[in-house]
Amino acid sequence: MCIRDRDIYMKLSKLNIKKINLKDIDDNYSGQDILLKLGELYQFESGIYGYGNIWTKLERNVEKIIIDELDKADCIQVEWPKLQPKKIWEQSNRWNQYTKDNDIMFTINNNFGEYGLAPTAEECATIFGSNRLLSYKQLPTTYYQIGEKFRKEIRTRGYLFRPRTFVMMDAYSFDKSEEDMHITFNKMHNVYLNIYNRIGINIIPVISDGGTMGGRVSEEFQAITKLGEDIILYDAENKIGINKEVLDFEDKETFIKKLGNINLEKMQEVHSVELGNNFELGTKYSEAMNLFYKDENGNDKPYYMGCYGIGLGRIIATTIENNLIKKNDQIKGFSLPLSIAPYKLQIIYKEEQKDKAFELYHKLLDNNISCIIDDREGYSIGNRINDTFVLGTPYLTVIGDRFDGINIELEETKTGNKETIAISEINNYFIQKEDNVVIN
């Protein structure tokens, strides 16, 4: 793609963001409310959103990291239907559970039959896997997809913290034995830690309940945030937690013993949000759906399965809300981590320096530095600087009278720190910054 083609998508004038009053921002979900008022989020109905350039590019960048780490772990990317026939949910005996008992699934009934909009994909994954994994020689295998899910949330909350439609990565592993299932589960645990570390989120693996998915071996990946609806007990030294809700279960000791020798009374109670969840499903779905593989002796055996999910919307929402910038107790905006920011650098210029600013802009694009230039007319330098914060751009530079065409001054929006960098070194500068990221 040539530079001229890319310009269209990098000029701030093309985003058509609205002017907003930062004194009129939601106190609880300030970052997402900024995007809503800018027009970068649009609420069609409670829990149903459209996404602008900033959110969409954030999602693609998170996707890239997830795909990279899963592919390195030999997981196979696929795609299953979002519109799923009733008959496959009846095979697993979950149709009534999801449409009546818990009333989670959106359903469609017409002359073709009855269907559900996918809240999850265990049924599709099991059928798909059994069609391909006929022999023990083809195990273990893990399939994953990234796509939209639909759930009838009665009480939507916190914008993208609990909507009715959301983008999710869900993976499903197939093993020939319980022992092998444990190995895959532990492998995916480490994959998840790599994903969250690269995104720039301080994650806590938390012992939890398997819920409606099946299986009693489950772990959540929680991020501490005052906005979270979960309450966990957290051991900072050992970096492990337990969901407080399981302490009310009759079999709570089953969960507590997984903590090892950690003293519950010394664990810190914090609010958190669940960004991912892993389950050992065992043979629940393969046996219920009568789907088997052939073992070494030619006998039919049920697959031992695992299920692994990551909510992309929640990751983005948490990242935005946990990286707010305040000045004199007033919300100023937010600053995104370099690893996922749509644009690493925002270029602001005095009108008489426009040609030099665009020359710099082209140089950065040639070096694969994602940047955006504020080319809007009629805006003061101060207004343009302020809008850098509401878009979450991690760095800004102002091209003024002292610009020499060789060096630029970069300001880190999160801290206000400034550095003068040679343009020829800026690519290495951002690479080093990403490699040395400090996760809060």
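Student: Which residue of β8 is the bridge partner of lysine 149?

Tutor: The model under discussion is a predicted one. Strand β7 covers residues 141–150 and is joined to β8 by ten bridges, the two strands running antiparallel. Within β8, lysine 149 has as its bridge partner phenylalanine 166.

Student: How many bridges join β13 to β16?

Tutor: Strand β13, residues 268–282, is mostly covered, with eleven of its 15 residues buried. One of its pairings with β16 sets glycine 282 against methionine 305. The two strands run antiparallel, and the number of bridges joining them is six.

Student: What is the bridge partner of isoleucine 231 in β13?

Tutor: Strand β11 spans residues 230–235 and runs antiparallel to β13, with five bridges between them. In β13, the residue paired with isoleucine 231 is histidine 271.

Student: How many residues of helix α10 are buried?

Tutor: Helix α10 takes in residues 312–321 and is mostly covered. Its buried residues include Leu312, Ile315 and Ile316, and also the charged residues Arg314 and Glu321. The buried count for α10 is ten of ten.

Student: Is lysine 176 buried, partly exposed or exposed, and what is its relative accessible area?

Tutor: Lysine 176 is found in the loop between β8 and α7. Leaving aside neighbours within four places in sequence, lysine 176 is in contact with Tyr136, Leu139, Tyr293, Glu296 and Tyr304. Tyrosine 303 is 127 residues away along the chain, yet its C-alpha atom is separated from that of lysine 176 by 5.7 Å. Lysine 176 is classed as partly exposed, because its relative accessible area is 30%.

Student: What is the phi of asparagine 93?

Tutor: Asparagine 93 is located in the loop between α4 and α5. It is exposed, because its relative accessible area of 62% is over 50%. Asparagine 93 is not a glycine, yet its phi is positive, near 65°.

Student: What is the relative accessible area of asparagine 290?

Tutor: Asparagine 290 belongs to the loop between α9 and β14. Although it is not a glycine, asparagine 290 has a positive phi of about 55°. It counts as exposed, since its relative accessible area is 56%.

Student: Which residues does phenylalanine 358 touch, not counting those up to four places away in sequence?

Tutor: Phenylalanine 358 has its place in helix α11, residues 354–366. Its relative accessibility is 16%, so it counts as buried. Isoleucine 204, 154 residues away in sequence, lies 43 Å from phenylalanine 358, C-alpha to C-alpha. Contact means heavy atoms within 4.5 Å, and the residues that phenylalanine 358 touches are Lys11, Tyr349, Ile373 and Asp375.

Student: What is the radius of gyration of the protein?

Tutor: The secondary structure comes to 13 helices and 23 strands. For 440 residues the globule rule gives 22 Å, and the protein's value is close to this, so the protein is as compact as a globular protein of that length. The radius of gyration is 24 Å.

Student: What share of the 440 residues is buried?

Tutor: The accessible surface of the protein comes to about 21,200 Å², and 44% of it belongs to carbon and sulfur atoms. Of the 440 residues, the buried share is 53%.

Key. Residues are numbered from 1 along each chain as its sequence is written. This is a predicted model: local features need pLDDT of at least 70, side-chain atom pairs count only at pLDDT 80 or more; totals for chains, interfaces and linings use all residues. Side-chain values use heavy atoms; hydrogens and water are left out. Helices (H or I, at least four residues) and strands (E, at least two) are DSSP runs, numbered from the N terminus. The radius of gyration is taken over C-alpha atoms; the globule rule is 2.2 Å times the number of residues to the power 0.38. Buried means under 20% relative accessible area, exposed over 50%, partly exposed in between (1.4 Å probe, protein chains only). Accessible areas come from the Shrake-Rupley method with a 1.4 Å probe; for residues, only the protein chains shown count as cover. Two strands pair if DSSP finds at least two bridges between them.
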